[in-house]
Amino acid sequence: MSTNSIDSLLHESRRFPPTAEFTAGAIAKPELYDEAKADRVGFWADQARELLHWHKPFTQTLDWSSAPFAQWFADGELNVAYNCLDRHVEAGNGDRVAIHWEGEPGDSRSITYAELTAEVKRAANVLAGLGIRQGDRVAVYMPVVPEAVVAMLAIARLGAVHSVVFGGFSSESLRSRIDDASAKLVITADGGWRKGKVFPLKAAVDGALANGTSTVEHVLVVKRGENEVEWTEGRDLWWHDEVGKAEPEHEAQGFEAENPLFILYTSGTTGKPKGILHSSGGYLTQVASTHRNVFDLHPETDVYWCTADVGWITGHSYVVYGPLANGATQVMYEGTPDTPHPGRWWELIQKYKVSIFYTAPTAIRSFMKLGREIPDAFDLSSIRVLGSVGEPINPEAWIWYRDVIGAGTAPIVDTWWQTETGGIMISALPGITTLKPGSAQVPIPGVKIDILGEDGTRVDPPQGGLLVVSEPWPAMLRGIWGDPERFKETYWSRFSKGDVWKYFAGDGAHVDSDGDIVLLGRVDDVMNVSGHRLSTQEIESALVSHPIVAEAAVVGAADEATGQAVVAFVILRSDQEKAQTVEEASTLLRAHVAQQIGAIARPRQVFVVAELPKTRSGKIMRRLLQDVAEGRELGDTTTLTDSSVMQIITDKLK
């Protein structure tokens with residue numbers, strides 16, 4: 001990849017140092033980096049002792065003798081739910097609101113730590129009464145409602161293992177995950193609200209269990225949608241009936257730090273599902289530490305909102321475990337950002353005085369398309385920290401986010417991490433880092449990142465290469481459920497030699513002349529055009545930098561002459577949709593990319609579309625766009641927010 005092309009792409013040269021006022025009150029201090037550099041393993045031991053309660057203190061921090069299978073704090077014992085609940089109540093913070101929950105139709109609940117603790121205790125007693133014990137697996141298939149959090153914490157309280165399946169997955173996807181984990185119990189809801197309608201969930205569970213060979217013994221059903229459901233007597237139970245009559249007291253028992261906490265199946269898998277396994281002590285340490293330091297959390301005064309669904313890793317780490325371990329007050333919202341009106345998110349920020357806001361670049365670019373008039377109609381003055389997650393954020397969206405949502409003052413933390421890493425790995429720290437639009441910037445203290453060439457040698461600035469994690473970290477995945485060989489082959493085989501193990505993240509990255517890391521997206525999102533490696537994200541950022549473009553997705557399509565050719569799909573800004581013809585826009589944008597990056601990156605085709613295919617976690621499904629660009633039948637569309645989008649695109653291109 002051409003270094004010059006990357007530097008020309010990041011034409012936004014402004015830098016944003018933290019204000020003296022922000023730095024003075026910041027949680028994270030520069031010494032964190034020094035402490036972690038001097039003794040990385042000791043740094044994580046200090047974080048574990050400072051941030052968590054241990055039923056039995058650990059004496060050994062890291063055991064890497066069976067690499068790549070790590071053990072962190074292995075001889076210590078803790079209870080994850082106790083750390084997220086009871087200890088805050090015992091410390092006198094029971095009256096603090098844990099969750100301000102807002103339903104899509106407008107119903108709302110504010111739940112204190114005391115109330116949440118009481119509900120989780122009752123739910124734990126229900127699960128225990130249904131035979132759930134340490135190590136048993138429980139599938140959770142829920143909308144974004146408080147009961148989803150209660151269910152996860154009740155499972156963790158018993159030392160059992162939850163497998164949360166995103167509520168948008170089909171019954172077949174749910175079945176494969178239930179079967180792979182041999183789940184004993186499913187917790188679901190009758191339905192959930194989305195875009196003004198109730199979408200059924202219980203019916204998908206019934207479909208997943210229809211063949212009668214499942215390991216599932218019971219199904220607990222939360223009443224949310226008030227929709228009709230089929231009922232299997234003896235198997236199906238109403239959540240409110242069971243929790244309502246449960247004993248109110250439940251003592252949290254300590255479990256080994258390496259006791260499995262959850263399995264989370266990576267989205268978009270083909271064939272056998274890939275269940276990412278995380279354990280308890282190391283995971284909770286890193287998500288609590290990063291949530292506190294990256295977002296500069298002051299739990300007494302901040303109101304935090306991460307817009308992720310609990311069915312994704314971001315929802316696990318930065319809706320459930322990180323915020324609650326830190327005693328934060330947070331907002332949860334059931335619905336979509338445009339329901340019942342396009343200012344819904346900003347309305348909630350105004351209502352609850354949200355001070356820390358964490359969302360995806362795809363959402364930010366969607367708001368850019370609609371124009372700043374919508375957020376400008378709301379009071380967003382409570383915002384003091386903004387976060388980005390899910391994919392690289394292009395500089396134009398970064399600047400818009402800061403200026404329009406953050407009033408030109410709020411620092412933005414652009415976080416890089418994965419389902420597999422468990423917690424944030426690369427991010428600015430807002431009271432320390434001079435911020436650079438479009439760059440994730442630096443590894444968090446205690447994490448060791450390298451950029452390597454194809455041959456495994458370290459790449460020096462300002463070159464591009466492959467991102468690896470070169471030392472074990474606390475929240476790292478502990479394996480792929482039931483498949484240790486696949487774990488080693490998938491993540492560790494490319495750059496590991498002898499007793500040196502390096503985790504290959506599957507992402508490309510560029511180290512700029514300042515030593516900061518710019519993520520270039522998945523390696524499989526890197527195209528090879530006439531022998532030149534081009535990043536889809538690089539070209540997408542160039543497209544979005546043009547004033548007529550709101551959002552863009554780029555794929556590499558097979559081409560006889562060049563091996564692969566660049567094909568772009570763009571959404572025009574709303575004020576431009578009638579200002580130019582499709583042909584004019586295409587010609588303009590092809591020339592713009594060539595001018596920004598070079599003729600080699602000029603798209604073969606630019607298609608103007610109304611929407612892009614996205615998963616409900618906000619990721620663009622480029623694989624489906626590649627199917628269209630290469631004239632293939634569409635692959636699996638079950639993870640899309642709106643599967644009709646692909647049919648519309650296909651019909652239009654035909």
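An open sheet of 7 strands runs in the order β5-β4-β17-β16-β18-β19-β20, with mixed pairing. Strands here are DSSP runs of E with at least two residues, helices are runs of H or I with at least four, and both are numbered from the N terminus; two strands pair if DSSP finds at least two bridges between them. The edges are β5 (108-112) and β20 (412-414), each of which pairs on one side only. From one strand to the next, the twist averages 15 degrees. Angles run from 0 to 180 degrees between N-to-C directions, with axes fitted to C-alpha atoms, for helices over the stretch in contact.

This is a predicted model, where local features need pLDDT of at least 70 and side-chain atom pairs count only at pLDDT 80 or more, while totals for chains, interfaces and linings use all residues. Residues are numbered from 1 along each chain as its sequence is written, and side-chain values use heavy atoms, with hydrogens and water left out.

Let us look inside the 7-strand sheet. Strand β4 (residues 97-102) and strand β17 (residues 329-333) pair in the parallel sense over 4 bridges, and E102 has Y333 in β17 as its bridge partner. Helix α8 (residues 146-157) packs on this sheet and touches β4, β5 and β17, with its direction at about 30 degrees to that of β5. Contact means heavy atoms within 4.5 Å.

Helix α8 also meets helix α13 (residues 313-325): their axes come within 11 Å and cross at roughly 60 degrees. The two helices are therefore oblique to each other; angles under 35 degrees count as roughly parallel, over 145 as roughly antiparallel, 65 to 115 as roughly perpendicular and the rest as oblique. The crossing of α8 and α13 is right-handed, meaning that the near helix is turned clockwise from the far one by less than a right angle. On the α8 side the contacts come from V149, M152, L153 and A156, and on the α13 side from H316, V320, Y321 and L324.

Now for another sheet. This one is open too, with 3 strands in the order β28-β29-β30 and mixed pairing. Its edge strands are β28 (549-559) and β30 (605-608), and neighbouring strands are turned by 25 degrees against each other on average, direction ignored. The pairings are set side by side here:

| Strands | Sense | Bridges | Facing residues |
|---|---|---|---|
| β29 and β30 | parallel | 4 bridges | A568 and V606 |

Helix α20 (residues 582-596) packs on this sheet, touching β28, β29 and β30, and its direction makes about 135 degrees with that of β30. Helix α19 (residues 536-544) lies across β28 and β29, at about 140 degrees to β28. β28 and β29 form a hairpin with 3 residues between them. Of the 10 residues in β29, 8 are buried, where buried means under 20% relative accessible area, exposed over 50% and partly exposed in between (1.4 Å probe, protein chains only).

At 7% relative accessibility, D507 counts as buried. Its side chain makes a polar contact with the side chain of W416 at 2.7 Å; such a contact is a pair of N or O atoms within 3.5 Å, and within protein one must be able to donate a hydrogen and the other to accept it, with residues adjacent in sequence counting only if both atoms are side-chain atoms. Leaving aside neighbours within four places in sequence, D507 has contacts that include Q418, L467 and R522.
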